[in-house]
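Dear colleague,

Please find below the sequence and the structure that I promised to pass on to you. After them I have set down, step by step, what was found.

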Amino acid sequence: MSSKSSSIESVLTENRSFPPPEAFAKAARVGSLAEYEGLYARAERDPEGFWAEQAAELAWARPWSQVLEWKLPDARWFVGGALNASVSCVDRHAASWRKNKAAILFEGEPGDTRVITYGQLHREVCRAANALTALGIRAGDFVAIYLPMIPEAAIAMLACARIGAPHTIVFGGFSSEALADRIGDCKAKAVITADGGWRRGAIVPLKDNVDHALAGTTVEHVIVVERCKNQVAWTSRDRWWHDVVDTASPAHEPVAFDSEHPLFSLYTSGTTGKPKGILHTTGGYLTCAAYTTKLVFDLRDDDVFWCTADIGWVTGHSYVVYGPLANGATVMMYEGAPNAPRTRAFTSGRDPGAGLDRFWDVIERWGVTVFYTAPTAIRAFMKWGDQHPAAHDLSSLRLLGSVGEPINPEAWMWYRKEIGGDRCPIVDTWWQTETGSIMISPLPGATPTKPGSATRPLPGISIDIVNKDGVPVGPNQGGFLVITRPWPSMLRTIYGDHERFRTTYFGEIEGCYFAGDGARRDADGYIWIMGRVDDVINVAGHRLSTMEVESALVSHPKVAEAAVVGRPDDLKGQAIVAFVTPRSGFIGDDALAKELREHVAKHIGALARPEEIRFADALPKTRSGKIMRRLLREVASGSTARGDTTTLEDQGVLEKLAQSFAHDD
Ligand code: WT7
């Protein structure tokens, strides 16, 4: 490690947690490092006993007979147990003093607001469950959800869970082609969407995208939430949400499903062109979502928890919906962009400004206490200027979180100083779509932090850093991050491709789960994530496969060949650079570059639009004809390497790892 990064590491902060108000005080769950270590050791000694204790926090209709059945790579958790996920998240709170407590605080991008109590949420989820049942949706049928961040998104998820219909959420920023691929892969029977969603003052035409996606699919019903009142086309398979849900009965008797009943699949990018449908099941997933929310965010009844992730990502599944609601918490839900002002209609005619302070405005007006966001957002806030948070009273905040990519120490320090006012602990949480819940994170009030390190694994989670033979590496040596024991919220399969599941996650390193990340552990046992070691790139916290973008590019008639790499980017973590060889007769000029960037956006979504397109007569290849990505990465990075030191340092190690791993180099 260089002297520069060690000087940052030496800023060992206290990560203090402040006691909650007297009325809500309860014994801290993990109050010190020694307590964390004690809990960790106990879970290591008796993992099944430990997880059984966590699972017992949920509402089970039938107890399990066996905690774990493990035949690598196949795990079954809480075997024989039965539960309904929506009961743990909704019914039990609606039947308690929390009935009139807010479950969801909602603010739309224009500034419209809604507050939904647990009692109301219960009635809405029941209504939606009845409506889906009336349309013929049965347990085991997949339902695709393509909605903006509005309360109906959470209601739709919970209604699907309630009737045992696994949901597949597709982020509203994905194109209709990407939506069609996902609907086709899981053979969804219904789609729940909206006419549109607000994004930076414009309407995202969600219903139009669905219409384009549906040709030749298995979809029988489309339920449409009226959000923007934009014009939409209508066919016989379409129903308005307000026609079918609002008129349905608010009473619904939940059926309990087997612990291993699929709860949802969520598509994420792998190293090939085809996205993977990561499948999660009910009992194990919900156990970990609830346990990690309680432990890492230590939610209390007076908290307002704002995880800024869209429900289209796993973070939104676990920390907007399932985890917090299982704990009876109040969540904040905001529909729009971080740089969109409210409209005058909602500011009582006052000048709404440029909107660069929107998040701080939301935190102040709603009294958000826990704020969980991504490093890419934090870097954007830094760029927009300190005056925006400074103009708001952020004293309600007591805890900050980060997720999605390694956070550079500069951003960490800024977050702590400008947002947390030096009083809020920061939890840097490492996990993946596949892990279902947080695996590595400091615990507020217990783990001293080092800016840029996700610190140590949660109790119950066994992590190691190994070389490609599976041998643990020494302190500060780079290696592959693996999870050595099964955990309840691990993915069960890649939907429809169990073999790919086995080879991707359990075929690389003998006997354990291979995460695809490089990491090192320092002398204090702190884990530093170094980034992906495969052909997955992380753009603004969104996972993309280089091959996915390449196949989109070569599907264009003017393209002969394409190679895509990530290059470090100050704001997004990584930016997409595409090297393209045009077909003979076509010239690689600005016009073609523009055309290709739009082509990719249309195929996958705006988030995959290459930052830069470079034309070349030929791409560098090995004698066996494989494109030398390593070289291209170096070329793409050029002199634009970002200023953040650790990531830069890691880059060298990462290159080596990538070299030894990706054999096409
Ligand atoms: C990849 C998983 C699960 C949250 C959203 C992303 C990277 C995630 C961290 C972190 C360093 C991180 C890893 C991982 N990542 N959190 N705190 N520090 N890297 O989910 O799309 O499944 O991506 O995001 O590279 O493999 P995802």
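I begin with helix α4, in which 9 of the 10 residues are buried, so that this helix is largely enclosed by the rest of the structure; here buried means under 20% relative accessible area, exposed means over 50%, and partly exposed lies in between, with a 1.4 Å probe and protein chains only. The helices (H or I, at least four residues) and strands (E, at least two) are DSSP runs, numbered from the N terminus. This is a predicted model, in which local features need pLDDT of at least 70 and side-chain atom pairs count only at pLDDT 80 or more, while totals for chains, interfaces and linings use all residues. Residues are numbered from 1 along each chain as its sequence is written, and side-chain values use heavy atoms, with hydrogens and water left out.

The buried residues of α4 are A85, S86, V87, S88, C89, V90, D91, H93 and A94. Among the elements that cover them are β4 (82-83), α5 (118-134), α6 (151-163), β15 (262-268), α10 (282-297) and α11, where contact means heavy atoms within 4.5 Å.

The axes of α4 (residues 85-94) and α11 (residues 314-326) come within 8 Å and cross at roughly 45 degrees; axes are lines fitted to C-alpha atoms, for helices over the stretch in contact, and angles run from 0 to 180 degrees between N-to-C directions. The two helices α4 and α11 are therefore oblique to each other, given that angles under 35 degrees count as roughly parallel, over 145 as roughly antiparallel, 65 to 115 as roughly perpendicular and the rest as oblique. On the α4 side the meeting residues are S88, C89, R92 and H93, and on the α11 side they are Y322, L325 and A326.

A second pair to look at is α7 (residues 176-186) and α8 (residues 206-213), whose axes come within 8 Å and cross at roughly 55 degrees, and α7 and α8 are therefore oblique to each other as well. Their contact is made by S176, L179 and A180 of α7 together with N209, V210, H212 and A213 of α8.

In helix α19 (residues 629-637), the buried residues are R629, R630, L632, R633, A636 and S637. Seen down the axis of α19, these fall within an arc of 160 degrees, so they line one face of the helix; the arc is that of the directions from the helix axis to the C-beta atoms. Just after α19, G638 takes a positive phi of about 45 degrees.

D303 lies in the loop between α10 and β17 (304-307), and at 3% relative accessibility it counts as buried. The C-alpha atoms of D303 and T330 are separated by 6.5 Å, although the two residues are 27 residues apart along the chain. If neighbours within four places in sequence are left aside, D303 is in contact with D298, T330, T369, V370 and R398.

A cis peptide bond, with omega of about 5 degrees, joins L72 and P73, and P73 is found in the loop between β2 (66-71) and β3 (74-79). K229, which is not a glycine, has a positive phi of about 60 degrees; K229 lies in the loop between β12 (221-225) and β13 (238-240) and, at 64% relative accessibility, counts as exposed.

With best wishes
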